[in-house]
Amino acid sequence: MICSFDDLAIKYKNYVDVKNKIRREVQSGRLVQITRGLYETDARADGKYLASIICGPSYLSFDYALYIYSLIPEAVYKTYTSASFQKRRMKRYDNYFGVFIYRDVPADVYPLGVLLYEENGYSYQIATPEKALCDKLYSLPPVKNLTEFRALLFEDLRIDEDELMKLNKEIIEKIAPWYRANNLKLFVKFFRKWIK
């Protein structure tokens, strides 16, 4: 369970030195520090449950989601990539649970295509496959034409073509224009031309 410093201060209010009590709990392994002022009581908690707490608002996306949906072959062991907005630069947090990376997406597109899950007493948000791929394409340097775009998808990102075919064309056509980015314009054109 995730606890803030304030939660623990209430729990340990009968101790003379609350900070020292928390420090001892961390040293004993009964608490694991996630980031300053934030702790987890279960050292085996999955990092996906912690990602939106470390830096929010955010939802899991980019490489993490693409791997979860089998769109890319590379495993992302203990690396949790998330989309955020108005942070102005990439943020990275390293802790016991893994590496947590946050990249901005446009504020207008942020709430589109995000799913909420509840598991094991935690909740987390993750992009749909279509949104995760749009986020990833937005984060990459722009390509100039469909030939370069195809190379970007299948050579650079190594997107699984069979999984790509399963994506919902209507969702892509709805979400992609909100990014106002060349890679996303090409994505829509690519889908209309190659995916029937």
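Where is the place of Pro57? That was my opening entry, and I went looking in what is a predicted model. I found Pro57 in the loop between helix 3 (51-54) and strand 4 (59-60). I also checked the peptide bond from Gly56 to Pro57, and it is cis, with omega near -5°.

A reminder to myself: strands of a sheet pair through backbone hydrogen bonds, either parallel or antiparallel.

I then took the pairs one by one. Strand 1 and strand 3 (residues 38-40) run antiparallel to each other and pair over three bridges. I looked up Cys3 and found its bridge partner in strand 3, which is Tyr39. Strand 2 and strand 3 also pair in the antiparallel sense, over three bridges. Here I picked Thr35, whose bridge partner in strand 3 is Leu38.

How many residues sit between strand 2 and strand 3 in their hairpin? I counted two, and I saw that Gly37 in the turn has a positive phi of about 80°.

**Entry: positive phi without glycine**

Ser70 is not a glycine, yet its phi is positive, about 65°. I found Ser70 in the loop between helix 4 (62-68) and strand 5 (79-84). Is Ser70 buried, exposed or partly exposed? Its relative accessible area is 41%, so I wrote down partly exposed.

Gln86 went on the list too, with a positive phi near 60°. Gln86 belongs to the loop between strand 5 and strand 6 (91-95). At a relative accessible area of 59%, Gln86 is exposed.

**Entry: Asn95**

I stopped at Asn95, a residue of strand 6. Buried or exposed? Asn95 has a relative accessible area of 16%, so it counts as buried, the cut-off being under 20%. What does its side chain reach? I traced the side chain of Asn95 to the backbone oxygen of Ile34, at 2.9 Å. Leaving aside neighbours within four places in sequence, I listed the contacts of Asn95 as Gln33, Ile34, Ile54 and Phe100.

**Entry: helix 6**

Which residues of helix 6 (residues 146-156) are buried? I got Leu146, Phe149, Leu152 and Leu153. They cover an arc of only 115° around the axis, so they lie on the same side of helix 6. On the other side of helix 6, I found Thr147, Glu155 and Asp156 exposed.

I wanted to know what covers the buried residues of helix 6, and the cover includes helix 5 (129-139), helix 7 (161-165) and helix 9 (182-194). At the start of helix 6, I saw a side-chain oxygen of Asn145 reach to within 3.1 Å of the backbone nitrogen of Thr147.

**Entry: salt bridges**

How many salt bridges does the structure hold? The total is 10, and I looked at some of them.

I started with Glu25 and Arg30, whose side chains meet in a salt bridge at 3.0 Å, N to O. Glu25 is buried, with a relative accessible area of 7%. I also noted that Lys21, Glu25 and Arg30 are linked in a network of salt bridges.

Next I checked Arg44, which forms a salt bridge with Asp42; the closest N and O atoms are 3.5 Å apart. Arg44 counts as exposed at 75% relative accessibility, whereas Asp42, with a relative accessible area of 25%, is partly exposed.

Which parts of the chain does the pair link? I placed Glu119 in strand 8 (residues 114-119) and Lys48 in the loop between strand 3 and helix 3, so these are distant parts of the chain, 71 residues apart. Glu119 counts as partly exposed at 27% relative accessibility, and Lys48 counts as buried at 14%.

Conventions. Residues numbered from 1 in each chain as written. Predicted model: local features only at pLDDT ≥ 70, side-chain atom pairs only at ≥ 80, totals over all residues. Heavy atoms only, no water. Pairing = 2+ DSSP bridges. Helix = DSSP H or I, 4+ residues; strand = E, 2+ residues; numbered from the N terminus. Buried < 20%, exposed > 50% of the residue type's maximum accessible area, 1.4 Å probe, protein only. Polar contact = N/O pair within 3.5 Å; in protein donor to acceptor, adjacent residues only side chain to side chain. Contact = heavy atoms within 4.5 Å. Arc of directions from axis to C-beta. Salt bridge = Lys/Arg side-chain N within 4 Å of Asp/Glu carboxyl O.
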